[in-house]
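Student: Could we go through the side-chain contacts of this model one by one, with the criteria stated as we go?

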Amino acid sequence: YGDYRTIDQNEFFIECMINGEGSAIVHFFDEASTKSKELDDQLKKMAMKFTGCKFLRIDGAWTQFVSARLGITKFPTIVALRNKVMLDRMTDFDQMESFNENDLEQWLRKTLDEK
């Protein structure tokens, strides 16, 4: 781990639902979203800090089935999974007055239960 990769819907099912051992953070992104681009930069850095976790990104425009199954209605959304179970999700970034790398790291530590 330690990297941040783009996957498609089929890879999501294989890596997170079928063989989904361990933790994964999945960024459902919107290619046109400035916030998605900011999150990509932050998540690349977090992948280097949380090396025991997979960091993945998937284009929300091509994930209708997965999005519906996980209840994702807005992009970008970040989903935390462990052993095929969704732990938490983060969405509505436009509603947050300020969201920075420190906020993301705190959310990851709390969600992944890391000190």
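Student: Which residue forms a salt bridge with Glu 15?

Tutor: The model is predicted, so local features need pLDDT of at least 70 and side-chain atom pairs count only at pLDDT 80 or more, while totals for chains, interfaces and linings use all residues. Residues are numbered from 1 along each chain as its sequence is written, and side-chain values use heavy atoms, with hydrogens and water left out. A salt bridge is a side-chain nitrogen of Lys or Arg within 4 Å of a carboxyl oxygen of Asp or Glu. With the closest N and O atoms 3.6 Å apart, the partner of Glu 15 is Lys 54.

Student: How many residues apart are Lys 54 and Glu 15?

Tutor: Helices (H or I, at least four residues) and strands (E, at least two) are DSSP runs, numbered from the N terminus. Lys 54 belongs to strand β3 (residues 53–59) and Glu 15 to helix α1, so that the pair links distant parts of the chain, and the separation is 39 residues.

Student: Which residues do salt bridges that share partners join into one network?

Tutor: The structure holds 9 salt bridges. Those that share partners give one network, whose members are Asp 3, Arg 5, Glu 15 and Lys 54.

Student: What is the N to O distance in the salt bridge of Lys 74 and Asp 92?

Tutor: Lys 74 lies in the loop between α3 and β4 (77–82), and Asp 92 in the loop between β5 (85–90) and α4, so the pair ties together parts that are 18 residues apart in sequence. Lys 74 is partly exposed at 42% relative accessibility, and Asp 92 is partly exposed at 30%. Their side chains meet with an N to O distance of 2.6 Å.

Student: How many aromatic pairs does the structure have, and which residue pairs with Phe 13 at 5.8 Å?

Tutor: Rings of Phe, Tyr and Trp (its six-membered ring) pair if their centres lie within 6.5 Å, and planes under 30 degrees apart count as stacked, over 60 as edge-to-face and the rest as tilted. A search of the whole structure finds 4 such pairs. One of them is tilted, with 40° between the planes and 5.8 Å centre to centre, and in it the partner of Phe 13 is Phe 65.

Student: Where in the chain do Phe 13 and Phe 65 lie?

Tutor: The pair links distant parts of the chain, 52 residues apart. Phe 13 is in helix α1 (residues 9–18), and Phe 65 is in helix α3 (residues 64–70).

Student: What is the angle between the planes of Phe 93 and Phe 99?

Tutor: Phe 93 is buried, with a relative accessible area of 3%, and Phe 99 is buried as well, at 11%. Their rings form an edge-to-face pair, 5.2 Å centre to centre, and the angle between the planes is 70°.

Student: What is the distance between the end C-alpha atoms of α2?

Tutor: The expected span of a helix is 1.5 Å times one less than its number of residues. The 16 residues of α2 should therefore span 22 Å. This agrees with the distance in the model between the end C-alpha atoms, which is 24 Å.

Key:
Buried < 20%, exposed > 50% of the residue type's maximum accessible area, 1.4 Å probe, protein only.
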